[in-house]
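Biologist: Please show me the model and its sequence, and then take my questions one at a time.

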Amino acid sequence: YISTPSISDINVLITPIGGISKVVTVSNSNPYEYQIQGLNGPGTSQVTLLGNDSNQTAQVRDDRGFIIESGEGQIYVALRVMNSVHAGALVSKGDSALGTQFKTGAFTNYNSDGTMSTFVSIMATEDGTQLTINNIDENVDIVDLDEVSLGTNANNKLNDIIVNLNRGETYTIIALGAGGGDVPSGVEYNS
């Protein structure tokens, strides 16, 4: 959902990474609902990645996600997701959402069902962004990542994951419940 506090119409540019951009108009009384293609529908999903050791995660990607922006006024973007067992939401509020240090909004997952997972996905807003993901318990199973090669520190945490990103590139990690432990809680950018 894309909305604005503006009572006047403003144009918003929706850019699916690797896809075709679209301009929509929103106002305070006329928000816009943008349907994101799911995994089982026609076409390629901009948001779906498989967390099954298929080498789709724990790497820099330039084909997933959206950049939603307007030079005409303040906009709010709310992502709402739902499936048969749970739902979630994420809200981004333009420039005020930008920063260099973040905490992930995830929970400790000790569910023994290996299909239960928690994820964090980060998109760079500038070229030359260095991403550091840290504070991950050493016993967490991160899909598509070799935790042994990454190593651990004296605090029983995995060593930092450090990735370089350019604008619009994303990096996603998925922690499986069967491993147990805390998912990443620290995310830092250099820009």
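The questions below concern a predicted model, beginning with a sheet and ending with a loop residue.

Biologist: Which strands stand at the edges of the open sheet of 3 strands?

Modeller: The order in this sheet is β3-β2-β5, and the pairing is antiparallel. An edge strand has a single partner, so one of its sides is left without a neighbour in the sheet.

Biologist: Which residue in β3 is the bridge partner of Leu-13?

Modeller: Strand β2 covers residues 10–16 and pairs with β3 in the antiparallel sense over 5 bridges. Ile-10 of this pairing stands opposite Val-26. For Leu-13, the partner in β3 is Val-23.

Biologist: Which residue takes a positive phi in the hairpin of β2 and β3?

Modeller: This hairpin has 5 residues between the strands. The phi in question is near 80°, and the residue is Gly-18.

Biologist: Is Ile-136 buried or exposed?

Modeller: Ile-136 lies in the loop between β10 (129–134) and β11 (141–142). Its C-alpha atom is separated by 5.5 Å from that of Leu-158, 22 residues apart along the chain. The relative accessible area of Ile-136 is 1%, and the cut-off for burial is under 20%. Ile-136 is therefore buried.

How values were computed: Residues are numbered from 1 along each chain as its sequence is written. This is a predicted model: local features need pLDDT of at least 70, side-chain atom pairs count only at pLDDT 80 or more; totals for chains, interfaces and linings use all residues. Side-chain values use heavy atoms; hydrogens and water are left out. Two strands pair if DSSP finds at least two bridges between them. Helices (H or I, at least four residues) and strands (E, at least two) are DSSP runs, numbered from the N terminus. Buried means under 20% relative accessible area, exposed over 50%, partly exposed in between (1.4 Å probe, protein chains only).
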